[in-house]
Amino acid sequence: MRPHPPGNQAEVAGSRGEEAGKARVVAMSGLGRLFGRGKKEKGPTPEEAIQKLKETEKILIKKQEFLEQKIQHELQMAKKHGTKNKRAALQALRRKKRFEQQLAQTDGTLSTLEFQREAIENATTNAEVLRTMELAAQGMKKAYQDMDIDKVDELMADITEQQEVAQQISDAISRPVGFDVDEDELLEELERLEQEELAQELLEVGDKEEEPPIKLPSVPSAHLPEGPAPKADEDEEALKQLAEWVS
């Protein structure tokens, strides 16, 4: 073999190094795909996952109904053949057992999917509740950001002071003007009137004690008639009056 010139040797070495680099890149990308280091796809949203789970549940429910029908069919076939065709009856029972095993597996898968869907729904609800609580906290913070407790105390003190001033003004307006009466003087006058009324009552009681006792009429000693006069006396008196009127 003839030796390459120095310039050609450098070019050959460079091309070989470039090819080796490409090979390493290809090998690393293959290993990345093999061990899951490739670019990850964007996962579904919770709503999309819930919808997909619901669709899969519907498929499994239909499969359950189909397997139940097949089980009942094979059971009827086994009863139909019975002892007449033992081989056909056994085959029907084997198919029935196989369908029952598939039904049990379907039931377990459906339960897992339902549990997973409920977990995602609960997580979504909790996330929504947390977002709502966060918004409420931010709203409350914004509502109180311009408030200061010291300013609130000062405001309440001002309100109390203004109420006291308003009460004083109301008292001043309702107070009589130009007529000032001494309360002690009125009490003395009232006490004097009470003393005069008491003295008058005592005098009236004394006058009643000096009056002579009232004499009651004595009981007559003569016997009073027990009943009205006889009717004959009344007739005689009437005839006497008639005679005087005629004469």
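Start with the aromatic rings: the count of aromatic pairs is zero, where rings of Phe, Tyr and Trp (its six-membered ring) pair if their centres lie within 6.5 Å, with planes under 30 degrees apart called stacked, over 60 edge-to-face and the rest tilted. This is a predicted model, in which local features need pLDDT of at least 70 and side-chain atom pairs count only at pLDDT 80 or more, while totals for chains, interfaces and linings use all residues. Residues are numbered from 1 along each chain as its sequence is written, and side-chain values use heavy atoms, with hydrogens and water left out.

**The whole chain**

Colour by secondary structure. The protein has six helices and zero strands, and its pattern along the sequence reads α-α-α-α-α-α. Helices (H or I, at least four residues) and strands (E, at least two) are DSSP runs, numbered from the N terminus.

Now show the surface. The protein exposes about 22,800 Å², and carbon and sulfur atoms supply 57% of it; accessible areas come from the Shrake-Rupley method with a 1.4 Å probe, and for residues only the protein chains shown count as cover. Of the 247 residues in the protein, 9% are buried. Buried means under 20% relative accessible area, exposed over 50% and partly exposed in between (1.4 Å probe, protein chains only). Among contacts in the protein with a separation of 6 or more, 77% are between residues 24 or more positions apart; a contact means heavy atoms within 4.5 Å.

**Helix α2**

Select residues 46–81, which form helix α2. Its 36 residues should span 52 Å at 1.5 Å a residue, and the end C-alpha atoms are 52 Å apart, which agrees. The expected span of a helix is 1.5 Å times one less than its number of residues.

Show the side chains of the buried residues in α2, including Ala 49, Ile 50, Leu 53, Glu 57, Leu 60 and Gln 64. Further along the list are Leu 67, Ile 71, Glu 74, Ala 78 and His 81. What covers the buried residues of α2 includes α3 (86–144).

Pro 46 is found in α2 and is partly exposed at 38% relative accessibility. Which residues does Pro 46 contact, leaving aside its neighbours within four places in sequence? They are Ile 120 and Thr 124. The C-alpha atoms of Pro 46 and Thr 124 are separated by 6.9 Å, although the two residues are 78 residues apart along the chain.

Then move past the other end. Just after α2, Gly 82 takes a positive phi of about 55°.

**Helix α3**

Select residues 86–144 for α3. This helix has 59 residues and reaches 86 Å from its first C-alpha to its last, close to the 87 Å expected at 1.5 Å a residue. Its buried residues pack against α2. Among them are Ala 88, Ala 89, Ala 92, Lys 96 and Phe 99, as well as Leu 103, Thr 106, Leu 110, Leu 113 and Arg 117.

Centre on Glu 74 in helix α2. Is Glu 74 buried or exposed? Glu 74 is buried, with a relative accessible area of 5%. Not counting residues up to four places away in sequence, Glu 74 touches Ala 92, Arg 95, Lys 96 and Phe 99.

The side chains of Arg 95 and Glu 74 meet in a salt bridge (2.9 Å, N to O). This pair links distant parts of the chain, with Arg 95 in helix α3 and Glu 74 in helix α2, 21 residues apart. Arg 95 is partly exposed, with a relative accessible area of 28%.

Next, select Arg 98 and Phe 99. The charged end of Arg 98 sits over the ring of Phe 99, 5.6 Å from its centre; the rule requires NZ of Lys or CZ of Arg within 6 Å of the ring centre and within 35 degrees of the ring normal.

**The other salt bridges**

How many salt bridges are there? The count comes to five, a salt bridge being a side-chain nitrogen of Lys or Arg within 4 Å of a carboxyl oxygen of Asp or Glu.

Select Lys 96 and Glu 100, whose side chains meet in a salt bridge (2.5 Å, N to O). Both lie in helix α3, four residues apart, about one turn of the helix. Lys 96 counts as buried at 13% relative accessibility, and Glu 100 as partly exposed at 28%.

Finish at Glu 121 and Arg 117, a salt bridge with its closest N and O atoms 3.3 Å apart. Glu 121 is partly exposed, with a relative accessible area of 25%, whereas Arg 117 is buried at 14%.
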